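Morning, everyone. I'll go through it piece by piece.

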Amino acid sequence: MQTRVITVTSGKGGVGKSTSTASLGVALALLGKRVVVIDTDVGLRNLDILLGLQNRIIYDIVDFAEGRCRVRQALIRDKELDELYLLPAAQTRDKTAISAADLIRVCNELRGQCDYILIDCPAGIEHGFRNAIAPAEEFIVVTTPGLTAVQDADRVIGILETEKNARVRLLVNRYRSNLAEHDSMLSLDDIRRILAVELLAVIPEDENVLLQEKTGRPVTFIKSPAGVAFTQAARRIIDPSESLPSLEQQISGNRLSRWVGRLFGERR
Amino acid sequence: MSKNISIKGTRDGLTVSLGEGDIQDLLEELDAHLKVQGAFFKGGTVAVQLGARPFDQSDLEKLSELLNKYDMALRTIVASDERAVEAAQAMGLRISPPITAAKSSENSEAAAAPVRTAVPVSGALYIRRTVRSGQVIRHSGPVVVLGDVNPSGEIWAGADVIIWGRAHGMICAGISGEPGAVVCALELNPLMLRIGDLVARGDDNHKARTKTGPEMARIREGQIVVEPWDGIELGE
């Protein structure tokens, strides 16, 4: 079994790294893949909550790093999906409790035993980020349509391009096409122009993401706009030639509305 | 090609990796390769990856001579061996540490802000990529970028800066006090612009000037002036 190790990162906090990791993990598992999601946010873990597994944690990644358990003992199987596993972070320590070498060891032990390892990266570009990017050969950079998030994504892409000879793809989260015409928002075109990397997916703003949080069932379990978009993103991860019809619609719809705006003499 | 030597063309020129084995043998092997393929690489700059292998100045000179024989210039050394680094410094070559998994993860300080430092040369530095947020390009001569300079990316040039793309970061030209330096870009909308000792701030309204044509900035009568490229007379 060929295992692909993908780190989900962003630089900025709060743009939806953990939500994206959980949603993509669920989507891949629903599509029949065996998936391990790893929370590397030691001290501020939350992937366990998003997946509703917080009451099942016995061992965590720090226990593995410090030799108290084997990787498999720390893996928690999802309540509903037999092929989805979580390796949780510890909540009591900080980022320095694990090292890049620990993450590489974890992934090496899991290689060949699952299809995908998704690593949820902490915010920032410090030690925790270094840990999370060390074992991966693919990266998903998450951003939202704001200048701060895009600039941080740009920084992270720069680091990945300089240091990793890896595939970097962009996931634009919480996109609101109705606001893209607004001056203070960045349109999808603006974001793509600035970041100039391959676009994996555009996830529309969707309150269901928030509503699903307390159920411990990521939005991909239900038929909602964001859930559908995450599932399509997962299809595109599996098969890069897979196109995104709704994405295309979203883009063309966007262009159309701008064009209509121009017709009526609005200034962009 | 043997497994001891690999030659790769990259965006930045040619990269030659020397593997294991006796240096004299490797150089002979490289010579043999270049005899066959040398014409193809003629005029290029070369980065040589030495890894951690020991390499002294005489080895480096031999390597440089060999490349010169085929009209190629040794520009960069990628090495961690102390003597190799010293010898390369003495010869005025660019040095970059080898990127290893351990290094990129452990040495986060150095890796976090990649800074390209060039030794004083009169030639231009050519960058063919996007200069992203947090990346800094420093060069004692002119800098040419084929690509964008994104917000919070920085260019520090001893002379002119030419950007065939969008200049949205911090652009500094003539930093060694060259008042005649100019900054040209297809879209000149930097956060900050510095020419010689003068500094100009970008527009506060980020989107105010997104639809401009190519422009050039230079010092005129003691201040930085930005003009459309059309009809500019460079003069002297």
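Let me start with one residue: B:Gln49 counts as partly exposed, because it has 18 C-beta neighbours inside 10 Å. The cut-offs are these: buried takes 20 or more other C-beta atoms within 10 Å of a residue's own, exposed takes 12 or fewer, partly exposed is in between, and the C-beta atoms are placed from the backbone.

Some housekeeping. This is a predicted model, where local features need pLDDT of at least 70, side-chain atom pairs count only at pLDDT 80 or more, and totals for chains, interfaces and linings use all residues. Residues are numbered from 1 along each chain as its sequence is written, while chains are lettered from A and ligands numbered from 1 in the order in which they are written.

Back to B:Gln49. Its place is in strand E3 of chain B, residues 45-51. Helices (H or I, at least four residues) and strands (E, at least two) are DSSP runs, numbered from the N terminus. B:Ile77 sits 28 residues away from B:Gln49 along the chain, yet their C-alpha atoms are separated by 6.1 Å.

Now chain B as a whole. It has five helices and 17 strands. Of its 236 residues, 32% count as buried. Take contacts between residues at least 6 apart in sequence: in chain B, 33% of them join residues at least 24 apart. Contact here means C-beta atoms, placed from the backbone, that lie within 7 Å.

Next, helix H2 of chain B, residues 57-69. How far should its 13 residues span at 1.5 Å a residue? The answer is 18 Å, and the end C-alpha atoms are 18 Å apart, which agrees. The expected span is 1.5 Å times one less than the number of residues.

Which residues of H2(B) are buried? They are B:Asp59, B:Leu60, B:Leu63 and B:Leu67. Seen down the axis of H2(B), the buried residues fall within an arc of 100 degrees, so they line one face of the helix. That arc is taken over the directions from the helix axis to the C-beta atoms. An α-helix has 3.6 residues a turn, so residues three or four places apart point the same way. On the other side of H2(B), the exposed residues are B:Ser58, B:Glu65, B:Asn68 and B:Lys69. Just after the helix, B:Asp71 takes a positive phi of about 60 degrees.

On to a sheet in chain B. Six strands form an open sheet with mixed pairing, in the order E7-E9-E11-E13-E16-E17. Strands E7 (125-127) and E17 (223-228) of chain B stand at the edges with a single partner strand each, so one side of each is left without a neighbour in the sheet. From one strand to the next, the twist averages 25 degrees. Two strands pair if DSSP finds at least two bridges between them. E7(B) and E9(B), residues 143-146, run parallel and are joined by three bridges. In that pair, B:Tyr126 has B:Val144 as its bridge partner.

One loop residue before we leave chain B. B:Thr212 lies between strands E15 (198-201) and E16 (215-220) of chain B, in the loop. Leaving out residues up to four places away in sequence, B:Thr212 touches B:Glu187 and B:Leu188.

Now chain A. It has 11 helices and eight strands. Of its 268 residues, 47% count as buried. Among its contacts between residues at least 6 apart in sequence, 75% join residues at least 24 apart.

The sheet in chain A is open, with eight strands in the order E3-E4-E2-E5-E1-E6-E7-E8 and mixed pairing. Its edge strands are E3 (76-77) and E8 (198-204) of chain A, each pairing on one side only.

Look at strand E6 of chain A, residues 138-143. Five of its six residues are buried. E6(A) pairs in the parallel sense with E1(A), residues 4-9, over four bridges. There, A:Ile140 is the bridge partner of A:Val8. Six bridges join E6(A) to E7(A), residues 167-175, again parallel. Across that pair, A:Ile140 stands opposite A:Arg169.

Last item: E6(A), helix H7(A) (residues 147-163) and E7(A) make a right-handed β-α-β unit. Right-handed means that, with the strands pointing away from the viewer, the path from the first strand over the helix to the second runs clockwise.

How values were computed
Axes fitted to C-alpha atoms, helices over the stretch in contact; angles between N-to-C directions. Contact = placed C-beta atoms within 7 Å.
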